[in-house]
Amino acid sequence: MMETIKRRYVIPGDVITTGPYRPEQNVYQEGDRIISTSVGISEIYDNAVRVIPLSGMYMPKNNDLVIGKVIGHSSLSWEFDINSCFVGFLPAQDVFGRDYSPTKDELKARLDKGDLVVARIANFDRSRDPLLTIQDRDLGKIESGELIKIAPSKVPRLIGKRGSMIQTIEMATKAMITIGQNGWIVISCEDPVGLLKAIEAVKMVDAQAHTPNLTERVKSMLGVELGENNDTINE
Amino acid sequence: MTQLMNENGIRCDGRKIDQLRSVSIKVGVLKNADGSAYIEFGKNKILAGIFGPRDVHPKHMADQDTGILRCRYHMSPFSVTERKNPAPSRREIEISKVIKEALQPAVILKDFPRTVTDVFIEVLQADGGSRCAALDAASVALADAGIPMRDLVAACAAGKVANQIVLDVNDEEDKEGQADMPVAYMPNLSKITLMQLDGILTPTEYKTCLETAIGGCKQVYEIQKKALMEKYFENGGQQ
């Protein structure tokens, strides 16, 4: 399947192809030409054309897992910086339950300015700012860890095919890595050496996301034997 | 009055009539901006920084249906020989407006309702044709910021100097020459987004002048393209 995908480096305005193709992300159709709208890598597969951008902000999508930072609150909701052009909203009911009353409950007691939270985007459309929720397993306030910021467009590469890349890093360093689709990543690890290694690996993926054989290079950087997915660290 | 062109058709700065000044563009020079570019267009030195898409302030400017574009063209007090008052002048306000309108057809802000994309342009050194150079930098900076665009906007001026149509007029030729025509152009779509004309041309001269300017835009476009490729792809986009 890999062989059928045609890749190319493009910038805005580049004509990727002409003919009966379906325009997908970051492209548009002008007559019978399909033109890129971003700097990135174009892909043609199954009659569809898209561009994977190498720059740009995070665009919220329903059901995305994101990491947000509290930037303030009103009496009914918190506001989050989610590394996007929109501010994320977390209603107080989501945390305190349905019987939340602004007079009784203190929002600051639960989440204060600067706190990091793993949240899911419950609802977003172009008419309203994204609504967040922390009503799920593994969601909620992050108590400890290191925050790393990478380009949102490189998150899929960090996760890898069926999570292969992230599993490799987690196994080799014994770190716990939480990836937000918005490009914010929290790494926690009891072993400081493992923590540093994991951070280095994540930054490496960010810097070299569009180069081939990246998994191999990350593995050798982490000291994992090539070709197998073991969890031993060769010192 | 200085002689603008000698008998061999060589201009006051040693160029031929259809020759561009040397242009170099660097992408991503400002860390704090979402996108940025620095251009040297002859003796012009111009920085462009992009912020956004981000929340609109003042709030009443926000559009519920689409993102908006704002532009500020500013000349530093030290950019010209005599100190320029840093307050925005009539000329700068006009140029801000025309640059905004020249970039507007290129950017696609439909997906960013209630936001603004700010374009800040700072002229560090001016040498004629700064609006074109500023536009070139701004459009590359927009692409660097990841703002969806239909095409890059390349801009270049042409004019009439010593009764000849010349490409890319410099400061001296602009002041002493007979006409100056800045043109911004989207090369892949073959569309003009800015066309101004200061001076008098006959219909035939007008035609050749416009064609000359578009030819210049295409040359600038190749430089813009190279600058972006160098920033984003290790081997300058060779594949």
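## Strand pairing in the chain A sheet

In this predicted model, strands β14(A) and β16(A) pair in the antiparallel sense, and four bridges join them. Within this pairing, Glu146(A) stands opposite Ile187(A) of β16(A). Strand β16 of chain A, which covers residues 184-188, also pairs with β15(A), again in the antiparallel sense and over four bridges. Two of the facing positions can be named here: Met176(A) lies opposite Ser188(A) in β16(A), and Thr178(A) lies opposite Val186(A) in β16(A).

The strands β15(A) and β16(A) form a hairpin, with four residues between them. Gly183(A) is located in the turn of this hairpin and has a positive phi of about 90°.

## Sheet order and the packed helix

Taken together, the three strands make an open sheet in the order β14-β16-β15 of chain A, with antiparallel pairing.

## Contact between chains A and B

Across the boundary between the two chains, 21 residues of chain A are in contact with 27 residues of chain B. Strands β1 (6-10) and β4 (27-30) of chain A each supply at least two residues of the side of chain A that touches chain B. By residue class, this side of chain A comprises 12 nonpolar, six polar and three charged residues.

## The largest nonpolar core

The largest nonpolar core contains 129 residues. The members that touch the most other members are Ala48(B), Leu103(B), Ile121(B), Ala134(B), Ala137(B), Ala138(B) and Ala155(B). Helix α2 of chain B, residues 130-144, contributes the largest share of this core, with 10 residues.

When neighbours within four places in sequence are left aside, the contacts of Ala155(B) include Cys132(B), Leu135(B) and Asp136(B).

Conventions
Residues are numbered from 1 along each chain as its sequence is written. Chains are lettered from A and ligands numbered from 1 in the order in which they are written. This is a predicted model: local features need pLDDT of at least 70, side-chain atom pairs count only at pLDDT 80 or more; totals for chains, interfaces and linings use all residues. A nonpolar core is a set of buried Ala, Val, Leu, Ile, Met, Phe, Trp, Tyr and Cys residues joined through C-beta atoms within 7 Å. A residue is buried if 20 or more other C-beta atoms lie within 10 Å of its own, exposed if 12 or fewer, and partly exposed in between; C-beta atoms are placed from the backbone. Two residues are in contact if their C-beta atoms, placed from the backbone, lie within 7 Å. Two strands pair if DSSP finds at least two bridges between them. Ala, Val, Leu, Ile, Met, Phe, Trp, Tyr, Cys and Pro count as nonpolar, Asp, Glu, Lys and Arg as charged, and the others, Gly among them, as polar.
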